[in-house]
Amino acid sequence: TDIAPGNGLCETAAGNGVCTLRAAIQEANAGGGPHSITLPAGTFTLTLAGTGENNSATGDLDIMTSLSVIGAGRASTVIDGNGADRVFHIVTGSLSLNALTVRNGRRDGPGTDATVVGGAVHAEGGALGLYDVAVRDNFAALDGGAIYTIDRVISIVNSVIENNSAGSRGGAIALYSNNGGYGIGQLTVQDSILKGNSAPYGGAIYCARGTVNATRSRVQSNIASGGAASGGGLHGYQCVSTITQSTFDQNRATVKGGAFSFTSSNASIINSTLSGNGTGNMDRLGGSGGAVYATSSTVALHNATVANNIANTGPAIYTEVVSTFQLANSIIADNLGSRSFPSEIYGGLSSSGHNLIKLYQSTYNGSSDTGNATDIIGQDPLLGPLSDNGSVTPTHALLPGSPAIDTGDPTGCKV
């Protein structure tokens, strides 16, 4: 620790000239702000165990100013929590992390303890920004395996959030708003990857009464597992979500919503791909909504491809309880449901036209008519495998001879 926080000198003992990351943060906290700390290549391991204080003396690094921590690259500069506590706690102020890795944070304790949140970062009193950062191998016993916040703004740009886990909600990120309305807690994910995270609700992201915006990002191989698990990629409760130019693939939930599960929420999924997600044991014997599950929600898919997802019921889309599902300029194909109800969409459908649905049967009258004459029903779109086709994330290209070629509505394109 710093020998005399606030004296303008970062040193752990008088005159020794040794400035640790912990000591530098203590000096920054005492000196107001804003401040920046530049770290060279190397691993900076937290070794002073302890919890229950907010002065960075022990345990996590407490932030009480506007602080930027700048590394030499996420493969070169590593801040290691050593499994003893979370890594950063934003008490007041804000924290910007740049060009580094944060790993091995751990917030242990009983799941009834509201403080066991945010395995890597608890953004309690201020905003958090991650820029060219990796956050991996962190754990929280309750919510937010990597990041937890209430009523704060989280920005993630050109970063990787992977292999984090939580005991309840948000394997990577748990975002809340407590004011009873939308939009106070905000998460922006841009040009980033969320991969291999797990929690019972929201394998990657859990959002309650907040706002999520994901652009040009990939959410891959996240898992929501447990008795009532839902939302392998994103679980939204009274959440407003906008997903643009992104790919959600290979995510899984035990019960509902392999990629997305929405309750009392509003979601727009635009120019995006949902592929290879599923529920249950990925064997068509369990779960609903292989890609999307929605209850009491409004969901719109525009210019989207939903393919190769799997569930017992509604392998592509499952809606219930006065939900509105709008589909436009999209392809729904090669999603595997049960033999008793193989239709790729279960529940209400509002078609805005120019869709191709390979296998559709109305839940209510058994008809294959979507009510829009521009839709193509029952034809194979001839999709290529999920791969790099020149977009920012993997997509399914249309193979030669596809009936979907030149059948979209250009006036309905969204960017």
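Start by selecting Glu 162: at 17% relative accessibility it counts as buried, since the cut-off for buried is under 20%. This is a predicted model, so keep that in mind as you click around. Glu 162 sits in strand S12 (residues 160–162) and its partner Arg 136 in strand S8, so the pair ties together parts that are 26 residues apart in sequence. Their side chains meet in a salt bridge, 2.6 Å from N to O. Arg 136, at 25%, counts as partly exposed.

Stay on S8 and pick Asp 132. The side chain of Asp 132 meets that of Arg 74 in another salt bridge, 3.1 Å from N to O. Arg 74 is in the loop between S3 and S4, while Asp 132 belongs to S8 (residues 128–136), so this link spans parts 58 residues apart in sequence. Both ends are partly exposed: Arg 74 has a relative accessible area of 30%, and Asp 132 has 28%.

Next, show Asp 380 and Lys 358. Here the closest N and O atoms of the salt bridge are 3.6 Å apart. Asp 380 lies in the loop between S38 and S39, and Lys 358 in the loop between strand S37 (356–357) and S38, so the pair joins parts 22 residues apart in sequence.

While you're in the S38–S39 loop, have a look at Leu 382. Its phi is near 55°, a positive value in a residue other than glycine. Most residues other than glycine have a negative phi. Leu 382 is partly exposed, at 30%. For another positive phi, jump to Asp 406, where the value is near 60°. Asp 406 is in the segment after S40 and counts as exposed, at 76%.

Now for helix H1, residues 21–30. Nine of its ten residues are buried, so the helix is largely enclosed by the rest of the structure. What covers them? Colour strands S1 (35–38), S3 (61–70), S4 (77–80) and S5 (88–103), which are among the covering elements.

Last stop: the largest pocket, with about 590 Å³ of space. Of its 28 lining residues, the closest to the centre are Asn 303, Ala 304, Thr 305, Asn 329 and Ile 331. Strand S40 (residues 395–398) gives the largest share of the lining, three residues. By class, the lining has eight nonpolar, 19 polar and one charged residues.

Methods. Residues numbered from 1 in each chain as written. Predicted model: local features only at pLDDT ≥ 70, side-chain atom pairs only at ≥ 80, totals over all residues. Heavy atoms only, no water. 1 Å grid on protein atoms, 1.4 Å probe; cavity = no way out; pocket = protein on both sides within 12 Å on 5 of 7 lines; lining within 4 Å. Points joined across faces, edges and corners; volume = space filled by probe spheres on them. Helix = DSSP H or I, 4+ residues; strand = E, 2+ residues; numbered from the N terminus. Nonpolar A, V, L, I, M, F, W, Y, C, P; charged D, E, K, R; others polar. Buried < 20%, exposed > 50% of the residue type's maximum accessible area, 1.4 Å probe, protein only. Contact = heavy atoms within 4.5 Å. Salt bridge = Lys/Arg side-chain N within 4 Å of Asp/Glu carboxyl O.
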